[in-house]
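This report describes the parts of one protein structure and how they are arranged. Please look at the sequence and the model before reading on.

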Amino acid sequence: DNVANRLMLEVHYYTPWVFCGMAEDTDWGKIAYFWGKDYHQEGSTRNYQVSGYATDEEEMDALFQKMHTKFVSKGIPVILGEFGANRRSSLTGTDLTNHLASRAYYLKTLVAKAKKYEIVPFYWDNGYIGDNTMALFKRIDCSVYDQQALDALIEGAN
């Protein structure tokens, strides 16, 4: 942009993809159901396996710090134009309960870190009601579909 003081950056944040967006296992990775150091399930092959950082949270913190250092600290605003994590409703029992708790923690943590690093987050509500959705609201009747996720986003902002 050649107009002074008129630049901003928009980022889509779905890190880690295996937790946030992956819909089926592939040859390069498996879906992760659990994110966050206190939310990993002992013995599960579905924990997010962070690489290069001590914890999942440290990875997120480092990536947000990079955006802040490179742009925000230089007066260039950053927005997360999309972020979210799939709700894996096809899980059952404790896997579902623990996944939903982990997902809520991820959303709360992401919003809190965005606020800490002066980055403005915009949650991606894909409008789909079902497995692997990011919907917060039922668009057909304007009601809340995922109260747990909505509460987590609000808690992270506070």
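## Two helices

Helix 2 and helix 3 cross in a right-handed manner. In this predicted model, the axes of helix 2 and helix 3 (residues 93-116) come within 10 Å and cross at roughly 30°. Angles under 35 degrees count as roughly parallel, and helix 2 and helix 3 are therefore roughly parallel to each other.

Which residues make the contact between helix 2 and helix 3? Helix 2 contributes E57, M60, D61 and F64. From helix 3 come Y105, Y106, T109, L110, K113, A114 and K116.

An open sheet is formed by 3 strands in the order 1-2-3, with parallel pairing. Strand 1 (9-13) and strand 3 (120-121) are the edge strands, and each pairs on one side only.

Strand 2 (residues 78-83) is joined to strand 3 by 2 bridges in the parallel sense. Here I79 stands opposite V120 in strand 3. Helix 2 packs on the sheet, where it touches strand 1 and strand 2. The direction of helix 2 makes about 165° with that of strand 1.

## Residue T55

T55 lies in the loop between helix 1 (17-20) and helix 2 (56-70). Is T55 buried or exposed? Its relative accessibility is 16%. Buried means under 20%, so T55 counts as buried.

The side chain of T55 reaches the backbone nitrogen of E58 at 3.0 Å. Apart from neighbours within four places in sequence, T55 is in contact with K37 and V50.

Terms used: Residues are numbered from 1 along each chain as its sequence is written. This is a predicted model: local features need pLDDT of at least 70, side-chain atom pairs count only at pLDDT 80 or more; totals for chains, interfaces and linings use all residues. Side-chain values use heavy atoms; hydrogens and water are left out. Helices (H or I, at least four residues) and strands (E, at least two) are DSSP runs, numbered from the N terminus. Buried means under 20% relative accessible area, exposed over 50%, partly exposed in between (1.4 Å probe, protein chains only). A polar contact is a pair of N or O atoms within 3.5 Å; within protein, one must be able to donate a hydrogen and the other to accept it, and residues adjacent in sequence count only if both atoms are side-chain atoms. Contact means heavy atoms within 4.5 Å. Two strands pair if DSSP finds at least two bridges between them. Axes are lines fitted to C-alpha atoms, for helices over the stretch in contact, and angles run from 0 to 180 degrees between N-to-C directions. Angles under 35 degrees count as roughly parallel, over 145 as roughly antiparallel, 65 to 115 as roughly perpendicular and the rest as oblique. A crossing is left-handed if the near helix is turned anticlockwise from the far one by less than a right angle, and right-handed if clockwise.
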